[in-house]
Amino acid sequence: MTDGPRSGLLAVSSALLAMSRHLEVRDVLKTIVVSARELLNAEYAALGVPDDHGGFAQFVVDGVSEEQWKAIGPLPRQHGILASMLHGAHAERLADVRDDPRFEGWPTAHPEMSDFLGLPIRDGDEVLGALFLANKKCPKPQGSCGFTEEDEQLLGIFAQHAALALTNARLYERSRELTIAEERSRLAHELHDAVSQKLFSLRLTAQAAAALVDRDPGRAKGELQQVAALAAEAADELRAAVVELRPAALDEDGLVATLRTQIQVLDRAHSAHVTFDCAGVRALPAAQEEAMLRVAQEALHNALRHSGAARVTVVLEKRGQGAELSITDDGSGFDTRAVRHAGRHLGLVSMKHRASGVGGRLTVESAPGKGTTITMEVPGG
């Protein structure tokens, strides 16, 4: 490298530290791509994770804008040089990728690329992914400049550490999945016990009301009121259990798309007008995204069920490396000084714990007759 071995060592150290800060696979993949591009001073970088059919299950890029990536469209299942890297054991270093016989062209919106460096990320015999770099940032008179043998060696060292980081992330997520499965099982038992008891009581009370309708209408009315109360309690038990389950959509689609979909459903299901606006927010660490989703769900439930709001607005905005979420309603509001009662009733204590648990903070602004705004900030990754 032109800046000497010390500079290269510092760059590798920074890249390895960046990878070690994340545990979720999605975060590690993105960090690997960004770190590799910066490490070798490339214009573009990508990492493909293989599926079980010879193609890519995931494909992460850096150096390409979101608009440009959308315009490029989906990758083919088998993608020339890129797909071949999933089956190869060695690095590929090309002066001009367009001259390679495996090159199959690219879509109109795809950026122009020339010099290319790629290699598989391996854990023993298993290929965890394939890392690709293109367009070394340096003067290229008559095509003489591109990735060097030293670049290839440096990327090889980086790829070994990337394999460790990716393997650790996979193990962490598998462990987390087992924990989630155990938690779901626990919740299922609790849900069964709690709701079954409520429904059993509801059934007996309804039978008592039916027996009293003719001979004591007054008592029958009281029993029917109890039926309504028990039904409401059963519904609350169901909601509390469902809210504790992490939606699969969050893992698949991320926070922005999941929020947008859920808010569209709420807007259709309730008389209040519910809107969502997002500005410049990229993917956040998975734990922060989950905490934000939970806070949004709880705040929306409060606004739609308890406040009598006609309008609820949800805004997600970029704040430095992190994001800020605000949920505002024009409902009845409450006295924030009565925090003990309001906090317990509206789940504010739980929301604050979720925010602080991911290094964020939650603020509540409200007053009787003035609506409510709940704001959550997270630091990002």
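1. Basis. The model is predicted, and local features were taken at pLDDT of at least 70, side-chain atom pairs only at pLDDT 80 or more, whereas totals for chains, interfaces and linings use all residues. Residues are numbered from 1 along each chain as its sequence is written, and side-chain values rest on heavy atoms, with hydrogens and water left out.

2. Five strands make up an open sheet in the order 2-1-5-4-3, with antiparallel pairing; strands here are DSSP runs of E with at least two residues, helices are runs of H or I with at least four residues, both numbered from the N terminus, and two strands pair if DSSP finds at least two bridges between them. Its edges are strand 2 (56-62) and strand 3 (92-94), each of which pairs on one side only. Neighbouring strands are turned by 15° against each other on average, direction ignored, where axes are lines fitted to C-alpha atoms, for helices over the stretch in contact, and angles run from 0 to 180 degrees between N-to-C directions. Strands of a sheet pair through backbone hydrogen bonds, either parallel or antiparallel.

3. Strands 1 and 2. Strand 1 (residues 42-50) is joined to strand 2 by six bridges, and the two run antiparallel.

4. Aromatic pairs. How many aromatic pairs does a search of the whole structure find? The search finds three, counting rings of Phe, Tyr and Trp (its six-membered ring) whose centres lie within 6.5 Å, with planes under 30 degrees apart called stacked, over 60 edge-to-face and the rest tilted. The rings of F59 and W69 have centres 6.1 Å apart and planes at 5°, so this pair is stacked. The pair links distant parts of the chain, since F59 belongs to strand 2 and W69 to helix 3 (residues 66-72), 10 residues apart. F59 also forms a stacked pair with F132, at 6.2 Å centre to centre and 25° between the planes; this second link joins strand 2 to strand 5 (residues 126-136), with F59 and F132 lying 73 residues apart.

5. Ring pairs connect F59, W69, F116 and F132 into a cluster. Are F59 and F132 buried or exposed? Both F59 and F132 are buried, whereas W69 is partly exposed, with a relative accessible area of 28%; buried means under 20% relative accessible area, exposed over 50%, and partly exposed in between (1.4 Å probe, protein chains only).

6. Positive phi values. N41 has a positive phi of about 55° although it is not a glycine, and N41 is found in the loop between helix 2 (25-39) and strand 1, where N41 is partly exposed with a relative accessible area of 39%. N135 also carries a positive phi, near 65°, and is a residue other than glycine; N135, however, lies in strand 5 and counts as buried at 8% relative accessibility.

7. Another five strands form an open sheet in the order 6-7-8-10-9, and here the pairing is mixed. Strand 6 (273-279) and strand 9 (361-366) stand at the edges with a single partner strand each, so one side of each is left without a neighbour in the sheet.

8. Around strand 8. Strand 8 (residues 322-329) pairs with strand 10 (residues 372-378) in the antiparallel sense over seven bridges, while strand 7 is joined to strand 8 by eight bridges, also antiparallel. D329 is the bridge partner of T372 in strand 10 and of V312, and S326 has T375 as its bridge partner in strand 10. Seven of the eight residues of strand 8 are buried, and the strand is thus mostly covered. The hairpin of strand 7 and strand 8 has two residues between the strands, and in it G320 takes a positive phi near 65°.
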